[in-house]
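Here is a structure to go through by question and answer.

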Amino acid sequence: MFRRLIALLACGLAVLPCIAQTQAAPSSKVVVYKGAVLRLTNVQPIDSSTARVGDKVPLKVARALVVNGVTVLPEGELVYGRVTRIKRAGKECRDGAVKWKVDSIMFPDSSQAKAHILFASEGDVPVPDVEPGKNHRINGDAILEGMGAGMEGIMWFIVLAPLLIIFLPSILDQQAEDKAKACGGKTGHEYLLPENSTIAVAISRDHAVQH
């Protein structure tokens, strides 16, 4: 009995340093800054004739996201978008449309960063590393000039608004009638974004990722 107790204590003493070392190991974090851009491709086509609201849009990381030498999102990782609205093609050349979004990116540590789509385009299209304009700063003179231009626009709107209210409906009706005549009653085209198209998604807020 005494020997068994000594053996158990010896095993416990051998394991304790390993446990302490594991608990003491600090977790490291890197920050994915707002404006960082991901290059993605769609795994399957996006088609207004078959899509449904709420459908997941699987996307594959085509360029690893590396921060301070740490790969926080490896190439080939899957992220997902979501279909929010669909318009089927219809008569009078009414084309179909699909609205979808990527509002978050899931990282390997199970954390999620807010995100938004910059563009989606067929084929192999260049994608910047940083969202354009994120580092742009304007000075006071530019702000004042912008305010002046804005006030001038408001004044013109006040002058022209009554005329727009009177004539705009008839202009729109005429445009719709001309389009219908040119169309000849044909059905419009469905929206289609082929497989392996280029999608650029930007991070909307600074986000810390463990590694």
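Predicted model: local features only at pLDDT ≥ 70, side-chain atom pairs only at ≥ 80, totals over all residues.

Residues are numbered from 1 along each chain as its sequence is written, and side-chain values use heavy atoms, with hydrogens and water left out.

Me: How many helices and strands are in the protein?
Reply: Helices (H or I, at least four residues) and strands (E, at least two) are DSSP runs, numbered from the N terminus. The count for the protein is two helices and 13 strands.

Me: Is glutamine 112 buried, partly exposed or exposed?
Reply: Glutamine 112 belongs to strand β10, residues 112-121. Buried means under 20% relative accessible area and exposed over 50%, with partly exposed in between (1.4 Å probe, protein chains only). Because its relative accessibility is 47%, glutamine 112 counts as partly exposed.

Me: With which side chain does the side chain of glutamine 112 make a polar contact?
Reply: A polar contact is a pair of N or O atoms within 3.5 Å; within protein, one must be able to donate a hydrogen and the other to accept it, and residues adjacent in sequence count only if both atoms are side-chain atoms. At 3.1 Å, the partner is the side chain of serine 104.

Me: Which side chain makes a polar contact with the side chain of serine 204?
Reply: Serine 204 sits in the loop between β12 (198-203) and β13 (207-210). Its side-chain polar contact, at 2.7 Å, is with the side chain of histidine 116.
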